[in-house]
Amino acid sequence: MPTILGQNQYGKAENRVVRITRDGDTHHIKDLNVSVALSGDMDDVHYSGSNANVLPTDTTKNTVFAFAKEHGIESAEQFGIHLARHFVSSQEPIKVARIRIEEYAWERIATSDGNSRFIGADEVKHSFVRKGQETRTSQITYDGQKWEVISGLKDLTVMNSTNSEFWGYVKDKYTTLKEAYDRILATDVSARWRYNWTDDGQRMPNWEKSYEQARKHMLQAFAETYSLSLQQTLYQMGSRIIESRSEIDEIRFSLPNNHHFLVDLEPFGLKNDTADGAVYFAADRPYGLIEATVLRDGVEPKIPVDLTNL
């Protein structure tokens, strides 16, 4: 049977670019991992091997680094917008550009009050320690007319040491889990949210502020929700963001339930009660996996259900 070419794309993955901005003695870091995927009129290169419409992936790599210098990196989203617009507008065969970015945060190292006695500087403003809390993510897609910006984060580990219960669930002959009325609730948050900014005629969000505020509302909802299930907490986290940030219409969560089980200390004559401080066994697998999308009313979902490659 004859075959035909289906969806295809190409580009340069994981371009690691670090931009240092100097404000006198004070330095600022933007640390990104940028992946470029381009699609369009690429039938010939697949059918005959003709590269007439192919922009080399090495060129896309060079463009990433050149744009970091020429345009700077105001935010991951803005940098991705610059790149996507360039590839679609400068190369006629390219119809769609998708830019995926991971951003790694750094924080300034605080130096001692007596710092100048040791190295001869009044204050050090160029030393940083890599933050380990989470990785910021962005995906920018442009087809020459419309934009889709999906931002988010992954590997943000959070825990409530109380104000969490789990009881009243379905029980069958295989159920051994005991009901819990005071438990630890912990998870590694993976979240992606979609902006309703889609064309250049709209006012563009403040990407940095929006990320900071979305993260803040997410964490506040996690901390302030008395949880009867991780699903309930997830919904509150998403609702808080949607209700507080008018520029965001949809958010998708993937939350593993990082189980903490009370250790049986009765063989040693010890009670292990939560009321006076308990000892837990932290199990990294298997884990419950809770996933859901929270939407502004009337909005159609567009974020993929599987966040594995987003």
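Reply: Axes here are lines fitted to C-alpha atoms, for helices over the stretch in contact, and angles run from 0 to 180 degrees between N-to-C directions. The model is predicted, so local features need pLDDT of at least 70 and side-chain atom pairs count only at pLDDT 80 or more, while totals for chains, interfaces and linings use all residues. Residues are numbered from 1 along each chain as its sequence is written, and side-chain values use heavy atoms, without hydrogens or water.

Helix α2 (residues 57-70) crosses helix α3 (residues 76-90) at roughly 130°, their axes coming within 11 Å; helices (H or I, at least four residues) and strands (E, at least two) are DSSP runs numbered from the N terminus. The crossing of α2 and α3 is right-handed, the near helix being turned clockwise from the far one by less than a right angle. On the α2 side the contact (heavy atoms within 4.5 Å) is made by T60, T63, V64, F67 and A68, and α3 contributes F79, H82, L83, H86 and F87. The contact of α2 with α3 has six nonpolar and four polar residues, with no charged ones; Ala, Val, Leu, Ile, Met, Phe, Trp, Tyr, Cys and Pro count as nonpolar, Asp, Glu, Lys and Arg as charged, and the others, Gly among them, as polar.

Helix α5 (residues 207-224) packs on helix α6 (residues 230-244) at an angle of about 140°, with the axes 8 Å apart. α5 and α6 are therefore oblique to each other, and α5 passes α6 in a right-handed crossing. A214, H217, M218, Q220, A221, F222 and E224 of α5 meet T233, Q236, M237, R240, I241 and S244 of α6. By class, six residues in the contact of α5 with α6 are nonpolar, five polar and two charged.

α6 also belongs to the surroundings of the largest pocket: α6, β8 (260-262) and β10 (288-295) each supply at least two lining residues. The largest share of the lining, three residues, comes from β8. In total 30 residues line the largest pocket, with L177, K178, A180, F261 and L262 nearest its centre. The lining comprises 13 nonpolar, nine polar and eight charged residues.

Two backbone features complete the account. The peptide bond from R285 to P286 is cis, with omega near -5°, and P286 lies in the loop between β9 (280-282) and β10. E14, in the segment before β1 (15-23), has a positive phi of about 55° although it is not a glycine.

Key. Angles under 35 degrees count as roughly parallel, over 145 as roughly antiparallel, 65 to 115 as roughly perpendicular and the rest as oblique. On a 1 Å grid over the protein atoms alone, a cavity is a set of points where a 1.4 Å probe fits but cannot get out, and a pocket is an open set with protein on both sides within 12 Å along at least five of seven lines; lining residues have an atom within 4 Å of a point.
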